[in-house]
Amino acid sequence: MKLFTRYSRVNIIASVLALLAGSLAYYFSLHYFLIEQLDDTLKVEEAEILDHVRTKGTLPEPSSYRDQETSFALTDAPVTRAFHNIDRRSPRRHHNEIRTYRQLLFPVSVEGKVYAASVIKSEEETDDLLEMMMLITAGIILFLLILLFVAGRLLLRRIWRPFYDTLESIRRFNLSSHALFPARETNIDEFKSLDLAVGQMTQKIIRDYEMLKNFADDASHEMQTPLAIINSKLDLLIQDPALEEKHLRQLQAMYDAVSRLRQLNQSLLLLTKIENNQFTHADPVDLAPLLENKLTQLEDLIQNRQVRVHATLESCPLRVNAYLIDILLNNLLINAVRHNQHQGRLDIRLQDHVLRISNTGPVLSFGADVIFDRFTKGAHSDGTGLGLAIVRQICDNYGFALSYTYEDPLHVISIRFLP
Amino acid sequence: MIMKILIVEDEKVLSDSIHSYLQQEHFICDVAGSFRSALEKIESYDYDCILLDLNLQDGNGLELLKELKRNNKADGVLILSARNSLEDKIAGLQLGADDYLAKPFHLSELGARVSAIIRRRHSAGSNIIRLDDTLIDTQAHTVSVKGRLLDLTRKEYQLLLYFAYNKGRVISKNAIAEHLWAEDAGGPAGYDFIYTHIKNLRRKLIDAGSPDLIHSVYGMGYKLSL
């Protein structure tokens, strides 16, 4: 749930509870106070009556004023002085409604006789006053709540704006775009800290990423130079006519080793770059003509092993990095030919965005589950063992499903492309 | 005609190798081992071809290229780079470099590229490479022996051209494979198809009346010599 909703919900409930409790306390204390006032008035009457009796020796006239009545009743039961709330029907004024009166009942003795004197006063005014005060209070409370709610809604939205802006910036953050984190204008401490922390974090991420990118390049560079030296010296060495066959055979082996090192180096570098998502550029390509081109490129290799190629290609448009796709097709096809048998078979089927490459060839000398791992090679393979690992990394990056199955006598690799 | 080449490379052993190799042709080579000395040399002289290593210790080769372009001397630049980075390649070619070669390379490959660049720049009349009776027309991409055109496949033509550029040098099978196929599409087993192509090429040349120019060197490579 949104922060504001939760905040205002809690706020409202707490406010309501507090105000409710307050109102109740307010009501009761007010009521008590007002009754006290009323009682004081009754006590004044009582004092006057007692005074009258004492000075004049007779009871005063019972009176019946607007909301006040005094009356006397002869009684022989003992009378305890006390305040009571009584309900009385008052036909004259209130249309036979029942009203509540506050009564002070006290004993008065006149000429040896005991009377129960009652002074009553209507609580109507009190009630009206109380009602008015509670209404006003309720009104204020309601007004307060509404005001708080509305102000909260408006203000909160504005106050949280920097936060939402920051959130949006984080969402749009792109490593390879090199855009630094925009600083926000805000004087709220928490948001300033948030911005600072996020800014620092993204700077560090960008720095680390650049270092990582450069490391892969630099490492490769460092390795290529000595390789270049060896290669060039070998090139010069073989010009010497004084060399004999046994020397040249050694040199050939060295050439091959340097070749392998170079390939290994390049493949590892490529793999690292693909893992680091350094190939973000995408072009619209169609796999069918690319595959045809590839087959033409590799025709020497294919003819050399006398592999029979059968290809059914349907158009397969994609939006991917052209360089990566070229490598993917290259590695897959070279793999299928190199690990084929002499005069073997190679079927290529591209349909419904699924590419199936099936080739004959010796049974795998390793488990099928590691075929796409780095450095998984057959016993007599002179490849780097990285060809399929690169294919897998490319597929992972784009979310293409890559799989291998053995359907005797064919090794089948299939990729499901996403348009 | 004597061609002047500038080798900008800070790895001394490597620049020595290149120097040795190129000197055997009619090339005079200057060597610049740093950004600064390269800058001095290109400001003082004109070169027919400049081999430019991008990763110099004291500067970026691309800056040199920009300087050359500013002085309209950007023709004939062959970029050598250990980075093999696509961005560098594109940047270099956009800045006017003629070609790009990734390290490590075979000297024969370097030789062929340098020759090609120099031919392009001094194209007045030198489209023809003469190997005794055999003429290679680099513009029409044809080969003729004693005036008669040969029917060569594209790969066979490229092979012959490669040999011609490195006349008199032993070229290893590896170098040939990398030149024709750019990738190592096979190990020792893969070199069989080189053998097939060369066999066909030799036969076609001999059938047309040319002497057998291509000699194999103890199964390690080949040499074209007159």
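**Chain B, sheet by sheet**

A: Start with an open sheet of 4 strands in chain B, ordered 8-9-10-11 and paired in the antiparallel sense. Strand 8 (128–131) and strand 11 (148–149) of chain B are the edges of this sheet. Each has a single partner strand, so one side of each has no neighbour in the sheet. Keep in mind that this is a predicted model.

Now look at one pairing in detail. Strand 10 of chain B, residues 142–145, pairs with strand 11 of chain B over 2 bridges, in the antiparallel sense. B:Ser144 has B:Leu149, in strand 11 of chain B, as its bridge partner. As background, strands of a sheet pair through backbone hydrogen bonds, either parallel or antiparallel.

Helix 6 of chain B, residues 154–165, lies across strand 8, strand 9 (134–137) and strand 10 of chain B. Helix 6 of chain B runs at about 105° to strand 9 of chain B.

Next comes another sheet of chain B. This open sheet has 5 strands in the order 2-1-3-6-7, and the pairing is parallel. Strand 2 (27–32) and strand 7 (99–102) of chain B are the edge strands, and each pairs on one side only. On average, neighbouring strands of this sheet are turned by 20° against each other, direction ignored.

Strand 1 of chain B, residues 3–8, pairs with strand 2 of chain B in the parallel sense over 6 bridges. B:Lys4 stands opposite B:Ile28, which is in strand 2 of chain B. Helix 1 of chain B lies across strand 1, strand 2 and strand 3 (49–53) of chain B. The angle between helix 1 and strand 2 of chain B is about 170°.

Helix 1 of chain B also takes part in the contact with chain A. That contact takes 34 residues from chain B and 32 residues from chain A. On the chain B side, helix 1 (12–23), helix 5 (107–121), strand 12 (170–172) and helix 8 (192–207) each supply at least two residues. Helix 1 of chain B gives the most to this side, with 6 residues. By class, the side of chain B that touches chain A has 15 nonpolar, 13 polar and 6 charged residues.

What about the nonpolar cores? The largest has 65 residues, and A:Leu328, A:Leu332, A:Leu333, A:Val337 and A:Ile390 have the most contacts inside it. Helix 8 of chain A, residues 322–338, gives the most to this core, with 9 residues. A second, separate core has 33 residues, including B:Val8, B:Cys49, B:Leu51 and B:Val77. In general, nonpolar side chains tend to be buried together in soluble globular proteins.

Finally, check the predictor's confidence. Chain B averages a pLDDT of 83, and 92% of the residues score at least 70. Among the elements of chain B, strand 3 has the highest mean pLDDT (91). Helix 4 of chain B, residues 86–94, has the lowest (80). Over residues 185–189 of chain B, pLDDT stays under 50. The model has 7 contacts beyond four places in sequence for that stretch. For the complex, the predictor gives an ipTM of 0.82 and a pTM of 0.63.

Conventions: Residues numbered from 1 in each chain as written. Chains lettered and ligands numbered in written order. Pairing = 2+ DSSP bridges. Contact = placed C-beta atoms within 7 Å. Axes fitted to C-alpha atoms, helices over the stretch in contact; angles between N-to-C directions. Nonpolar A, V, L, I, M, F, W, Y, C, P; charged D, E, K, R; others polar. Core = buried A, V, L, I, M, F, W, Y, C linked by C-beta atoms within 7 Å. Buried ≥ 20, exposed ≤ 12 C-beta atoms within 10 Å, placed from the backbone. pLDDT = per-residue confidence, 0-100.
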